[in-house]
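Thanks for making time this morning. I would like to walk you slowly through one structure, so please have the sequence and the 3D view ready beside you.

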Amino acid sequence: MSDDEKLGPKAPKDPQKKRSGFYILIDTILEATQRLGAKPAQEIYLDEGRLAHNAKFVGSVEKENILELLKDCEGVHKLVHSIGVSVTAADDVGNIDFVLKNYGKKDRLNGGTSIKIPCTKDGTEVILKLEDYEWSKDDEVVGNMAFEFEKSGLTAKVTVKFYLNDGYEVQEIEIDPPVEFDSDNYRNMISKSLLKLGNNRRLKAAIDKARNGEDVTVAYIGGSITEGAGAKPAHTECYAYRSYVKFKEKFQKEGSDNVHYIKAGVGGTPSELGMIRYDRDILRDGRVKPDIVIVEFAVNDAGDETNGVCYESLVLNILSAENKPAVILLFAVFENDWNLQERLSPVGEYYNLPMVSLSDALVEQFKLTKEEGNVITKRQYFYDVFHPTNYGHEIMADCLNYLFNQTSQNPYDREESILNKEPVIGNYFTGIRLIDKKDNAAGAEIEQGSFCEEDAELHYVEIDDEAVGTPEFPYNWMHTPKTGNESFVLKINSRSLLLIFKDSGRMDFGKAEVYVDGKHVLTADPRVVGWTHCNAVILYHEESSREHQVEIKMLEDSKDKYFTILGFGYN
């Protein structure tokens, strides 16, 4: 954590005088990422009620009439006089521009007004007065704001405040004091995260291997929090990398470099996809045998159509490996205090696994005042409604580190946990593997038909400690308006099959019909989610393997559109 972060938030220099206003961002660290056809930037999306949410969450705005006006551009112009933007960055970062983008009524992405102003880098507030600009009549909602940089990977700390027109008032908030990481209250909060020590034999064995100078691999699989969302820069400030570094510093043999790191988080995806990715993304197709695997899907698995079967199947896949890796279940939490710990923790109880809960550590202390023992506020912990800030990722790492330290101090449990028993939720996806255009170990017969192109516009994620994104499922099958209308046909002997297809926000992506053995089972719509994303859905599950034929063809009114099959999961 940087010295600036430890010092805590500072008020912007030369703020707008007298006018009442509220914050949208306070000392938020941004990182520029590459964008197609545009300068590297970080975007903050404000449509779909997110502007009002930020006003309420960050700015503590409670007045319903104020929040209501933020829902569209007409209301914003009634309410907002000006926008103050303060940026703090190193001199060598180069130029930084602030961009405000409205979405249009007729042409959502291209029809609205876009305004760009240069920022200073010394924390001085730059004011954008709304009356100084000409606004399009097509403006519908404030879509996003972006900070554009000279190149990707650069970071800056920004504050954005909306100042109000005469006649509107909000209560000014007090900036949160710095988090006291060395306090007794902090240590007490971290200790509450230890939901269960579990059977320690596997985790202690990994710790002893590290101390003895043997190679040890610590691996992480999960969603966007594991990928590093909210951490800036994500590859070094995410909880996964931070906890790995803490493990390495504590247990690696002096003079050795024997502790290794694998990170496989994919934003917006549940264990339904994670169990298919595990062999490729963690085991690296058999090249890696992890000693410790942290599983983080507690805020992603609302989309798991099996309500925990996929999660338990993934956990059993890991536990059943010949080298006996330790499995740690990590339960992150959203800003609204929600996660799926109640659904998923029975898996950890049943197999006596170590479990770490951020909700147990954080939720109750969020309600306290500083005098009552509050350590960190929600504004400080959450980057947005889903993801932690650098502070939050540091706390997640410290919670894992607490488990590592407690485990190392205890004697070995006498016996291993029993795994060979009936599942607590379900295990029928154990052993699941991936089929794509490159890997077809199942020997499936594939006729690609009009799905004969490869899609390169994919979901990119930062794997391991890399600062650049890697495309997810690059060996895919894509239908385009120019490739004809022939069906994609797959013949396979399996008991379960999942389809992985690409979600997209593009208007030129269309729907596909999916048939199994001649029966219609799914209409796959890639535009439901609205962003480039990997979507796994179950096509069938049966008690035993048999021959099946899967046919995928474009819907009649989508034949002139795009659709991408990313792959399949089978067992």
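Let us begin with V529, which in this predicted model is partly exposed, because its relative accessible area is 34%, and that value falls between the cut-offs of under 20% for buried and over 50% for exposed. If you follow the chain, you will find V529 in the loop between β23, residues 519-524, and β24, residues 533-554. Together with V528 and W531, V529 forms a nonpolar patch on the surface, and the three have about 280 Å² of accessible area together.

Now please turn to the sheet, an open one in which six strands follow the order β10-β15-β14-β13-β11-β12, with mixed pairing. Which strands stand at the edges? They are β10, residues 194-196, and β12, residues 259-265, and each has a single partner strand, so one side of each is left without a neighbour in the sheet. On average, and ignoring direction, neighbouring strands here are turned by 20° against each other.

Looking at one pairing in detail, strand β11, residues 216-222, runs parallel to β12 and is joined to it by seven bridges; T217, for instance, has H260 in β12 as its bridge partner.

Finally, let me show you two helices that pack on this sheet. Helix α12, residues 341-351, touches β10, β14 and β15, and its direction makes about 160° with that of β14. Helix α15, residues 390-409, touches β10, β11, β13, β14 and β15, and its direction makes about 145° with that of β14.

Key:
Residues numbered from 1 in each chain as written. Predicted model: local features only at pLDDT ≥ 70, side-chain atom pairs only at ≥ 80, totals over all residues. Heavy atoms only, no water. Pairing = 2+ DSSP bridges. Helix = DSSP H or I, 4+ residues; strand = E, 2+ residues; numbered from the N terminus. Axes fitted to C-alpha atoms, helices over the stretch in contact; angles between N-to-C directions. Contact = heavy atoms within 4.5 Å. Patch = residues over 30% accessible without salt bridge, like charges linked within 9 Å, V, L, I, M, F, W, Y side chains within 5 Å. Areas by Shrake-Rupley, 256 points an atom, 1.4 Å probe, with all protein chains shown as cover. Salt bridge = Lys/Arg side-chain N within 4 Å of Asp/Glu carboxyl O. Buried < 20%, exposed > 50% of the residue type's maximum accessible area, 1.4 Å probe, protein only.
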